[in-house]
Amino acid sequence: MTVMEKTRLLSFLEAQSQDAWLRALDEIGPSIHPVDREATRIWFAFWPLELNDALAESKDPKEPMEIARLMDLEGNWRLEEQLDSSVSFLYGAHYWARVKNAVLAEADAATGSLAATIRSIAQKIGAAERVDPSLVMGIAAVGLMMFRQIGFERIERSKDTKATPPLLPQDPAKVLARRERKSADGLFTFLKGVNRKWDVRWEEKRTDGVFRAINGQDLAMAGGDTGSDFRHLDYRRPAGPVPVECRVGSCGYCWVGLLAGRENLSPMTSFERERLRYFGYDAVNDIKDANPLIRLACQSQCQGDVTLTISPWNGELDRRHDEGRKKLGTA
Ligand code: FES
């Protein structure tokens with residue numbers, strides 16, 4: 001492959017807006033295996049182009065830190081430090097090294113639409129790994145967006161490293177069955193009355209990655225009731241596995257993606273919708289969807305079992321981004 005071809009793929013991807021990526025996700029959505037359908041969109045919500053482009057605006061290495069401060073970024077918001085760990089909640093992570101190699105090798109795939117490019121790469125990974133392309137369709141999209149955001153050299157340096165373990169079980173049917181399995185209170189609802197408790201799987205790859213929520217309790221409060229300190233995983237988690245600060249929808253620390261059971265949360269209020277928009281977390285949420293993929297844990301009351309994944313960072317993309325650009329003179 002020539003340098004020109006590598007540049008052609010990157011140039012093609014750089015010409016795609018966030019909306020174009022989301023339209024491509026809509027187009028390929030039915031072709032993504034159910035095990036990764038939600039996870040793929042959640043990854044794209046966690047790593048929006050707006051975050052990448054805001055941080056990349058300045059050529060001065062000190063200024064991304066200044067932009068990060070202005071956007072109130074907390075946690076680990078550097079995708080380049082997490083290229084092998086950010087994908088671990090997807091089933092397709094089993095094929096991550098193959099995905100990186102396929103993206104690097106498939107410069108010619110840039111001749112079609114974005115959706116066609118994703119499909120073409122997924123077909124080739126599927127053929128090489130002898131798996132149905134639907135199982136790698138989502139991770140192929142993630143691989144292309146990763147390439148778009150962190151560039152050829154960084155991907156090439158890590159092209160043979162695998163996704164950071166632990167990973168989901170190799171059998172996708174097992175993953176789906178576990179997400180659909182009801183907790184004991186879900187099975188015997190009629191016996192429990194108001195004392196029902198639900199399972200909240202906050203890390204489905206760990207056997208201990210579950211806490212219990214009293215019926216009607218919000219996810220953040222229920223996580224805090226574990227009484228455990230999770231700062232060894234992330235300094236934003238002093239009280240339970242979900243990052244929290246304000247608990248009233250003000251700080252944006254507690255945003256999560258729902259892998260399963262989103263219909264088991266209280267419907268989104270106009271207040272929560274407005275807060276998600278303010279933070280810039282709502283890219284993949286459907287405005288008409290009362291139970292969307294991305295929620296604030298402190299605003300989501302539990303009414304059944306759910307499986308979620310936690311964003312490694314939080315911040316205020318829109319307002320701070322604009323303020324930062326003005327302050328740095330790049331607006
Ligand atoms: S804890 Fe602050 S918004 Fe949820």
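Predicted model: local features only at pLDDT ≥ 70, side-chain atom pairs only at ≥ 80, totals over all residues.
Across the whole structure, a search turns up 17 salt bridges, and we'll visit a few of them.

**Stop 1**

Start by selecting residues 63-70, which make up helix 5. Show the side chains of Glu66 and Arg69: they meet in a salt bridge, with N to O at 3.2 Å. The two sit 3 residues apart, about one turn of the helix. That spacing is worth a thought: an α-helix has 3.6 residues a turn, so residues three or four places apart point the same way. As for Glu66, its relative accessibility is 24%, so it counts as partly exposed.

**Stop 2: a pair between two helices**

Next, pick Glu129 and Arg98. Their side chains form a salt bridge too, at 2.9 Å from N to O. What does this pair tie together? Glu129 belongs to helix 7 (residues 114-129) and Arg98 to helix 6 (residues 96-105), so the bridge links parts that are 31 residues apart in sequence. Color by accessibility if your viewer can do it: Glu129 comes out at 28%, partly exposed, and Arg98 is partly exposed as well, at 34%.

While you're here, select the whole of helix 6. Is it mostly covered or mostly open? Mostly covered: 7 of its 10 residues are buried.

**Stop 3: a buried pair, then a network**

Now jump to Arg237 and Asp234. Their closest N and O atoms are 3.7 Å apart, which makes a salt bridge. Both residues are buried. After that, select Glu38, Arg262 and Asp289 together: salt bridges with shared partners join these three into one network.

**Stop 4: a buried arginine without a salt bridge**

Finish at Arg275, in helix 14 (residues 270-279). Arg275 is buried, yet it has no salt bridge. Which side chain of opposite charge is nearest? Glu274, and it is 4.0 Å away.

So what is around Arg275 instead? Bring up Gly249, Ser250 and Leu296, the residues it contacts once you set aside its neighbours within four places in sequence. Zoom in on Gly249: its backbone oxygen lies 2.7 Å from a polar atom of the Arg275 side chain.

Key:
Residues numbered from 1 in each chain as written. Heavy atoms only, no water. Helix = DSSP H or I, 4+ residues; strand = E, 2+ residues; numbered from the N terminus. Buried < 20%, exposed > 50% of the residue type's maximum accessible area, 1.4 Å probe, protein only. Lys, Arg positive; Asp, Glu negative; His and termini not counted. Polar contact = N/O pair within 3.5 Å; in protein donor to acceptor, adjacent residues only side chain to side chain. Contact = heavy atoms within 4.5 Å.
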